[in-house]
Amino acid sequence: MRPTDWWREQVTKVAEARRHEQPSGRGERITPHMVKEQLANVDDLSSLSLTINEEEVHVFFLDTMVDLTQVYETVFLPLQRSDGKDPLRVLPYAQPCQSDDMARLMNNLLRGHTILFFLDRELILHVNTFQVEHRSITKSESEATVLGPQDSFVEMLEINLSMLRRRLTTPNLKILAYTIGTETKNRVAVLYLENIANDENVERVKTRIQNVEYQGFVGMPVLKQMLEDKPYSPFPQFGLTGRPDNVTAALLDGRIIIMLNGSPDAAICPASFLEMFSSPEDFYNRWSTASLLRMIRFFGMFVTILLTSSYVSVLTFHPEMLPPALLTILSQSRSQVPFPPVIEVLFIELVIEVLREAGIRMPTKIGQTIGIVGGIVIGTASVQAGLASNILIVLVSISALLSFVPPNFLMSNAIRLVRYGFILMAGLMGMYGQMLMLAFLFAHLLNLTSLGTPYMAPGVPRQWTDLLNGLVRAPMKFIVYRNRMSRAKRKQTRPIGEE
């Protein structure tokens, strides 16, 4: 058994033990006084005691989670006109609560439901009156495209699910709801297409979500890290998107989608390394243009991790590899630099990272100015002060631009991190260190899995039909098969007449 499998097995056992130890939340009969004690010092709690048709009714709701007009029209007004009828007939959207399940009642109340206590009837009802302001549907900022749909997910799970329902009008779209987070009680939805998704993958996702033990989640990227196979790897093992068209295409390909209430992102699993370099616009472009752009993104990754490290290794250990004319230009450019090449490269790389972080944290207009002007001023000043060479400024700029080419932002961050490892190995052992680091990188990628499937699929293990939509995107008429990494297993059928 591998260490990671043993660790996951132990976490599962601990989670199961905690689940059995937790009380079910049921006990004595719930009274309005118990609700007030549970929500003491909660200023947005409205507690009303009314007499309707000579019957005492206690009402509880949170002002910040409901629309008062809706509460009056859907709850109070029908009750006033009920003339003593059964509340379940007067309130068609009401549902009864367990009279001894305090945990479920509090969960409904905190989610925007209105709780009604009919003391004479010994009846407790809850009505969904949740209504809050939310962000309107806008264009995607992180996955902008020229062609194709322009809508993106918002922070409300119900709106996101409705956007997918409009695209997939089929009863095969299954949605499983879960509640995770001991404090936040986050709602999680797992989506897949029945008879298309792999049943083993669906069970893996369900098991991992049920075994999550954490206080709460503020976004899907946080939850995604706790569900991935190898949490210590810098590479993302689940896809992450905020576009409904991406999610729809993934569902049709047999993938499983995880969505979190309060997050505009959706996780796609399983995912492969090559898919991190695919853009939503690849399927809207012609196949030739899409294939060229994919290859530029993929090979750009190797250029960005090898460009500046090759500068270090060649100048430090292998100057004979350069033509004499180019070596002369490099020598003249570095004649005023007092530092070894590895220190010079690390200094400029860190300056670029600082400028990038400063541009992100500042307001948009100021951040763009800081990024452009700061890069020009600091680069020119560094060369004039003898802290860096002209050629290095060009190489670092190209390397920084290529690191942002992958459409997946998390993959871009992983590539930038890996680049520093190549630079340090090049400064220690030259070209041999680069090749050693490259071999380690390939070994790590080959050892990664996404939901139990190889991360380097379809390249390793090789699936020829999947290569039609891999590094090169074939014409759409040839992409008729789903990726084998997410394909459902065929049921074994016996020949006719065989017992």
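Residues are numbered from 1 along each chain as its sequence is written, and side-chain values use heavy atoms, without hydrogens and water. Because the model is predicted, local features need pLDDT of at least 70 and side-chain atom pairs count only at pLDDT 80 or more, while totals for chains, interfaces and linings use all residues.

Strand 1 (residues 45–52) pairs with strand 2 (residues 55–62) in the antiparallel sense over eight bridges, where pairing requires at least two bridges found by DSSP and strands are DSSP runs (E, at least two residues), as helices are (H or I, at least four), numbered from the N terminus. S49 stands opposite H58 in strand 2, and N53, in the hairpin of these strands with two residues between them, takes a positive phi near 55°.

A salt bridge is taken as a side-chain nitrogen of Lys or Arg within 4 Å of a carboxyl oxygen of Asp or Glu, and by this rule the count comes to 21. D282 forms one with R294, the closest N and O atoms being 2.9 Å apart; D282 lies in the loop between strand 10 (266–269) and helix 10 (287–316) and R294 in helix 10, so the pair ties together parts 12 residues apart in sequence.

In helix 12 (residues 341–361), E353 and R356 lie three residues apart, about one turn of the helix, and form a salt bridge with the closest N and O atoms 3.4 Å apart. Salt bridges that share partners join E349, E353, R356, E357, R416 and R419 into one network.
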